[in-house]
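Work through the exercises below with the model open. Each task is followed by a solution in steps.

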Amino acid sequence: MHRRSALGGAITALATAAAGVLVAAAVSTAPAVAAPAGTGTGYLHTNGNRIVDSTGATVRITGINWFGMETDNKTFHGLWSTNPWRGQIDKMASLGYNTLRVPYSNDALKPGATASGINDFVNPDLVGLSPLQILDKVIGYAGGKGMRVILDRHRPTSAGQSPLWYTPTVSEATWINDWKMLAQRYAGNTTVIGADLHNEPHAEGTNPAATGACWGCGDPARDWRLAAERAGNAILSVQPNWLIFVEGVSCPSGGLSNVWDNDPSNDEDCGWWGGNLTKAKDFPVRLDVPNRLVYSPHEYATSVFEQNWFKSPDFPDNLPGIWDKYWGYLHKQNIAPIMMGEFGSTLADPRDRVWLEKLMAYTGTGLDGMSFTYWSWNPNSGDTGGIALDDWTSINTTKQAILQPYLIPPVGGGGGPTPTATPTSTPSPTGGCTAAYRQVNAWQGGFQGELTVTNTGTATVNPWQVTWSWPTGVSLASGWNATVTQSGTTVTAAAPTWAGALAPGASVTVGFTANGSSAAPGTVKLNGAAC
């Protein structure tokens with residue numbers, strides 16, 4: 001993100017203007033998802049169009065981008081806010097995002113690089129740390145919550161993106177050596193699962209004298225497919241367990257269209273920066289270690305650029321065919337997994353909401369759906385806004401409601417350290433509890449709800465556990481803010497390791513999607529005490 005072009009257009013996207021508060025609204029159509037399975041065990045690899053864990057179980061990445069390390073701050077944005085860095089990760093995990101995609105620039109990796117924009121009162125443990133040391137802490141804490149991390153080489157320098165993977169000041173050798181350094185730094189830490197090699201390679205110059213990133217043209221200086229092989233194999237030579245995420249280009253020729261140059265390649269299929277994988281079937285990325293390749297397109301709405309297909313008379317019915325053509329065919333033909341690395345919108349244009357709903361439905365439901373990382377957590381992405389609002393604490397509920405049914409929350413621990421649990425006891429909440437239910441959304445064959453339980457007793461419940469009953473025929477699809485399971489007609493929401501205690505007067509909200517006719521939870525109990 002930050003700067004992109006489409007069909008010859010260019011957009012400067014990094015801005016400090018924050019997204020406005022959007023009012024929550026029901027989603028018109030949103031299918032339920034399969035029961036959550038977290039992010040799996042051990043390192044991940046691929047099997048056809050699926051990402052699987054070390055046991056062979058299917059894993060779906062449903063993550064979010066938290067940017068800043070690629071900018072002049074050289075670390076995560078929002079560390080200047082009143083919400084501590086751990087609190088922001090807590091919120092992401094509780095909403096159901098199981099993976100962090102972390103953009104960086106090579107500037108942030110240099111010896112002596114300094115992180116800025118940190119509120120030292122709120123985040124005193126980050127003061128004086130280098131960008132890499134802050135990244136270490138974020139990876140460690142996210143891993144303890146069962147989340148995974150994908151590293152994204154977003155820019156060669158903090159000054160801006162580049163059409164090629166190298167520039168006059170940042171060589172290909174620097175690009176590859178920095179990747180090898182990161183692979184070695186996090187070797188053995190299964191939280192960090194892979195490398196998104198270079199963000200949004202794209203066309204530059206006009207044909208036939210193109211100077212930008214091509215796909216399959218055979219020129220080692222411009223062919224992104226060949227460069228991805230060189231970098232991917234170099235990384236795998238020191239860390240064979242990582243996934244290698246390869247984005248597309250914008251125009252396969254590497255040149256921008258110019259209707260006045262009489263070049264027949266003007267009619268080629270161009271699209272979003274990084275979003276065009278039309279040539280990947282004919283010219284696949286070849287890696288020395290099998291089952292490590294994931295293709296990672298980007299996809300945006302009108303708030304980023306007014307593509308021709310948004311103005312088509314058959315919009316939005318034309319969208320699935322467009323996605324099939326650019327990248328979806330790789331998944332549908334079982335060639336390789338898709339992990340949509342960026343997609344987002346302000347939703348200011350009514351078409352954008354339709355686009356987002358269509359796109360999420362296109363990715364599919366449950367664990368067999370395509371993986372994704374939403375752009376972005378940050379509210380200060382100028383042409384998309386974020387899931388977080390200006391205070392880096394409140395949530396854009398309109399966007400979240402559309403994404404929620406497709407999120408597979410993190411469960412258990414990843415590869416990082418698990419926060420130390422306080423000594424546990426399980427008293428019943430003397431004095432009882434109260435329960436309040438809100439149906440968030442409903443669709444044919446399913447619904448989404450939130451159950452808020454308050455400890456009205458005089459003792460802390462640690463760890464807490466909420467149970468409720470559903471009528472026969474209603475089954476759990478997914479849950480968040482707790483480990484949610486179902487046995488028969490009884491549903492159990494067990495406290496996560498990072499939020500096990502429920503103090504007197506405190507509340508917990510358990511979110512879920514379910515299959516069947518809409519039904520409010522019945523016989524709600526907190527650690528066996530009826531509410």
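A residue counts as buried under 20% relative accessible area, as exposed over 50%, and as partly exposed in between. The model is predicted.

**Exercise 1. A glycine in a loop**

Task: Describe the surroundings of Gly78 and find what it touches.

Solution. 
- Step 1. Gly78 lies in the loop between β6 and α1.
- Step 2. With 0% relative accessibility, Gly78 counts as buried.
- Step 3. Leave out residues up to four places away in sequence; Gly78 then touches Asn83, Gln88 and Trp392.
- Step 4. Gly78 and Asp391 are 313 residues apart in sequence, yet their C-alpha atoms are 8.6 Å apart in space.

**Exercise 2. Helix α3 and its buried face**

Task: Determine how the buried residues of α3 are arranged around its axis.

Solution. 
- Step 1. Take the geometry. α3 covers residues 172-185, 14 residues in all, and spans 20 Å from first to last C-alpha, close to the 20 Å expected at 1.5 Å a residue.
- Step 2. List the buried residues: Trp175, Ile176, Asp178, Trp179, Leu182 and Ala183.
- Step 3. Look down the axis. The buried residues of α3 fall within an arc of 160°, so they line one face of the helix.
- Step 4. An α-helix has 3.6 residues a turn, so residues three or four places apart point the same way.
- Step 5. Find the cover. It includes β7 (99-105), α2 (131-144), β8 (148-155), β9 (192-196) and α4 (224-238).

Task: Characterise how α3 and α4 cross.

Solution. 
- Step 1. The two axes come within 9 Å and cross at roughly 35°.
- Step 2. The crossing of α3 past α4 is right-handed.
- Step 3. On the α3 side, the contact is made by Glu172, Trp175, Ile176, Trp179, Lys180, Ala183 and Gln184. On the α4 side, it is made by Trp224, Ala227, Arg230, Ala231, Ala234, Ile235 and Val238.

**Exercise 3. Cis peptide bonds**

Solution. 
- Step 1. Asn207 is joined to Pro208 by a cis bond with omega of about 5°. Pro208 lies in the loop between β9 and α4.
- Step 2. Phe315 is joined to Pro316 by a cis bond, with omega of about 5°. Pro316 is in the loop between β12 (298-300) and α5 (319-332).

**Exercise 4. Strand β17 and its neighbours**

Task: Trace the pairing of β17 with β16 and with β22.

Solution. 
- Step 1. β17 (residues 446-455) is mostly covered, with eight of its 10 residues buried.
- Step 2. On β16 (residues 433-443), 10 bridges join the strand to β17, in the antiparallel sense. Tyr437 has Leu451 of β17 as its bridge partner.
- Step 3. β16 and β17 form a hairpin with two residues between them. Gly445 in the turn has a positive phi of about 90°.
- Step 4. Nine bridges join β17 to β22 (residues 507-515), again antiparallel. Leu451 has Val510 of β22 as its bridge partner.

Notes: Residues are numbered from 1 along each chain as its sequence is written. This is a predicted model: local features need pLDDT of at least 70, side-chain atom pairs count only at pLDDT 80 or more; totals for chains, interfaces and linings use all residues. Side-chain values use heavy atoms; hydrogens and water are left out. Helices (H or I, at least four residues) and strands (E, at least two) are DSSP runs, numbered from the N terminus. The expected span of a helix is 1.5 Å times one less than its number of residues. Buried means under 20% relative accessible area, exposed over 50%, partly exposed in between (1.4 Å probe, protein chains only). The arc is that of the directions from the helix axis to the C-beta atoms. Contact means heavy atoms within 4.5 Å. Axes are lines fitted to C-alpha atoms, for helices over the stretch in contact, and angles run from 0 to 180 degrees between N-to-C directions. A crossing is left-handed if the near helix is turned anticlockwise from the far one by less than a right angle, and right-handed if clockwise. Two strands pair if DSSP finds at least two bridges between them.
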